[in-house]
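Colleague: I would like to learn how to read a chain-chain contact and a sheet. Can we work through one case together?

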Protein chains: 2
Amino acid sequence: MANELRKDYVLDRWVIVATGRGKRPDEFRKTREYETKAGVCYFCPGNESMTPPEISRVREGEGWSIRVFPNKFPAVTLDADKSMSATPAYGEHDVIVETPQHDKGLSDLPVEHLARVLEVYSQRIEELSRREGIAYVMAFKNWGREAGASLEHTHTQLVSTPFVPKLVKEELEAARVYKSEKGSCPYCDAWKKEVSSERLIMQDENIAAFTPYASRVPMEAWIMPKRHVGRLKDLGGNELSSMAAALKTTLGKLKGLGDTPYNYYLHISPEKDDYHMHIEILPKMAVWAGFELGSEVYINTLTPEAAAEYYRRE
Amino acid sequence: MANELRKDYVLDRWVIVATGRGKRPDEFRKTREYETKAGVCYFCPGNESMTPPEISRVREGEGWSIRVFPNKFPAVTLDADKSMSATPAYGEHDVIVETPQHDKGLSDLPVEHLARVLEVYSQRIEELSRREGIAYVMAFKNWGREAGASLEHTHTQLVSTPFVPKLVKEELEAARVYKSEKGSCPYCDAWKKEVSSERLIMQDENIAAFTPYASRVPMEAWIMPKRHVGRLKDLGGNELSSMAAALKTTLGKLKGLGDTPYNYYLHISPEKDDYHMHIEILPKMAVWAGFELGSEVYINTLTPEAAAEYYRRE
């Protein structure tokens with residue numbers, strides 16, 4: 001196949017799909033690095049006193065199944081000094097430990113547990129959003145040291161900021177332009193198109209999972225509710241379960257590829273905006289090098305179609 | 001120091017400088033990985049027949065000191081099939097091997113040699129730009145496997161594209177707005193400010209090297225001609241020598257930090273535009289994780305001021 005230029009559904013973001021090296025998904029295999037477990041894990045049961053004071057937990061028996069507390073090294077803080085001339089880095093930075101089990105990844109957990117994790121995301125996102133001066137809450141996960149995880153025990157992070165981050169703002173604006181021109185939501189149009197394309201990973205009545213047409217990295221995957229909703233709180237129980245199941249399947253495939261390191265993040269609607277929320281999963285199988293950094297154009301050496309075929313494989 | 005939000009000189013690009021972990025530059029040390037040299041190096045003298053046909057060389061005795069040839073696995077090609085419905089990935093993709101010596105990095109080469117390398121960049125950028133349908137030529141370098149280099153032997157790449165890449169376009173537009181508001185070039189203003197700031201790395205009459213105010217990564221460094229010029233071809237011999245010297249010093253410091261992997265790229269003016277060219281060096285000491293990928297806001301855990309202090313150290 002000849003190389004191809006592809007554009008994102010709405011953003012002015014271009015990808016060069018360059019398959020000259022003809023690699024298959026399993027040739028991108030990159031196994032997650034484990035930290036040498038010297039000493040204790042701060043996130044394991046019994047070491048709760050080693051984290052900053054707990055914000056909340058989902059109880060299970062005497063213990064917990066999910067735990068929320070502030071990040072010990074926050075990127076943003078509520079006491080950011082507003083008297084300084086520089087703009088303070090105002091906000092909150094939380095950690096959500098999704099399971100007490102040190103040796104598990106998300107795809108090892110039951111669907112019901114993952115649905116509960118999404119509920120915890122949702123609840124805490126709404127709490128952080130209510131804080132005065134906050135414009136956005138970014139929920140994201142780093143799995144594996146190569147994907148930026150500094151601790152091995154599985155966890156998600158939430159960062160609230162006084163501004164809507166650049167990429168989210170660009171999507172909101174591009175979606176607004178698209179809607180005014182075509183009269184429809186670009187993300188509604190995207191999943192409707194992708195469920196009958198070669199890029200479908202899986203779907204049910206609530207959720208579509210697919211490799212986006214202009215995937216930036218090998219095995220990129222998006223999970224999107226079919227209903228046009230802006231935030232997790234707008235999803236019903238069945239929809240959360242469907243989303244959890246899609247997450248488990250997709251991340252399970254990455255685990256099958258040698259426990260691939262990955263990042264994912266939620267793109268949600270700022271409170272008063274109109275937007276179609278979704279999860280974007282970016283496996284860490286390739287490096288963005290000088291070309292990508294200097295251009296913000298991405299060279300992807302695996303077609304999204306080949307990636308989806310791998311995700312669909314039994 | 002409290003965390004701080006900082007904005008790029010012109011772009012709507014924000015960085016959270018978060019120094020809570022209080023790491024010093026040498027704690028970010030990340031040594032370049034070497035490929036196991038199984039078999040031959042395609043870029044070494046004697047193996048010239050293993051690369052695609054040579055485009056040009058700088059002769060030295062019977063051999064060469066710098067060599068230019070097409071990339072064997074090009075991201076873009078001239079025969080991109082325009083009859084396809086998808087947009088073809090049209091352009092050329094070259095490799096410049098800057099020295100026949102397999103075990104050298106750029107900072108090991110004499111300043112005069114590096115100046116010659118910049119001349120070769122310049123000449124080939126102009127050649128590629130003259131090709132019909134080309135809007136931009138991106139010159140970039142990946143050093144070390146962690147920075148995306150697939151071959152160990154030092155080399156630079158050039159990719160020409162039928163469009164101006166997103167990041168360059170954003171800089172051009174932002175610079176235009178700045179100029180219409182303030183009457184001056186933002187990059188001229190930036191170097192003038194930075195040479196008397198704590199972020200200065202080095203300067204002479206022609207060139208300023210500094211860690212940018214809103215550095216995205218630890219030890220980020222920019223090298224900028226003081227004259228408002230758009231392309232390498234607009235620089236005189238003394239200016240190229242100064243730029244080569246700044247490159248040698250800056251990259252030499254990174255080599256001293258355990259042979260840090262890095263990327264650099266040139267931002268130049270598209271042919272008929274008004275822009276202030278410069279080189280941006282991004283060492284690979286930290287990982288952009290879920291937050292950065294989802295927001296395009298960057299968390300940098302080393303202040304540019306501490307980075308510059310390290311660069312200036314004898």
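This is a predicted model: local features need pLDDT of at least 70, side-chain atom pairs count only at pLDDT 80 or more; totals for chains, interfaces and linings use all residues.

Colleague: How many residues of chain B are in contact with chain A?

Modeller: In general, the size of an interface is often given as the accessible area lost when the parts come together. Here we count residues instead. Chain B puts 51 residues in contact with 52 residues of chain A.

Colleague: Which element gives the most to the side of chain B that touches chain A?

Modeller: α5(B), with five residues. By class, that side has 30 nonpolar, eleven polar and ten charged residues.

Colleague: In which sense do β5 of chain A and β1(B) pair?

Modeller: Antiparallel, over two bridges. Look at Thr87(A): its bridge partner in β1(B) is Leu5(B).

Colleague: Now the sheet. What is the strand order in the open sheet of chain B?

Modeller: Ten strands, paired antiparallel, run β3-β4-β6-β8-β7-β12-β13-β11-β10-β9. β3 and β9 of chain B each have a single partner strand, so one side of each lacks a neighbour in the sheet. On average, neighbouring strands are turned by 15° against each other, direction ignored.

Colleague: How many bridges join β3(B) and β4 of chain B?

Modeller: Five, in the antiparallel sense. Within this pair, Val58(B) stands opposite Ile66(B) of β4(B).

Colleague: Which strands does helix α3 of chain B lie across?

Modeller: β9, β10, β11 and β13 of chain B, with the helix at about 70° to β10(B). Helix α4 of chain B also packs on the sheet, touching β9, β10, β11, β12 and β13. The direction of α4 makes about 170° with that of β11(B).

Key: Residues are numbered from 1 along each chain as its sequence is written. Chains are lettered from A and ligands numbered from 1 in the order in which they are written. Two residues are in contact if their C-beta atoms, placed from the backbone, lie within 7 Å. Helices (H or I, at least four residues) and strands (E, at least two) are DSSP runs, numbered from the N terminus. Ala, Val, Leu, Ile, Met, Phe, Trp, Tyr, Cys and Pro count as nonpolar, Asp, Glu, Lys and Arg as charged, and the others, Gly among them, as polar. Two strands pair if DSSP finds at least two bridges between them. Axes are lines fitted to C-alpha atoms, for helices over the stretch in contact, and angles run from 0 to 180 degrees between N-to-C directions.
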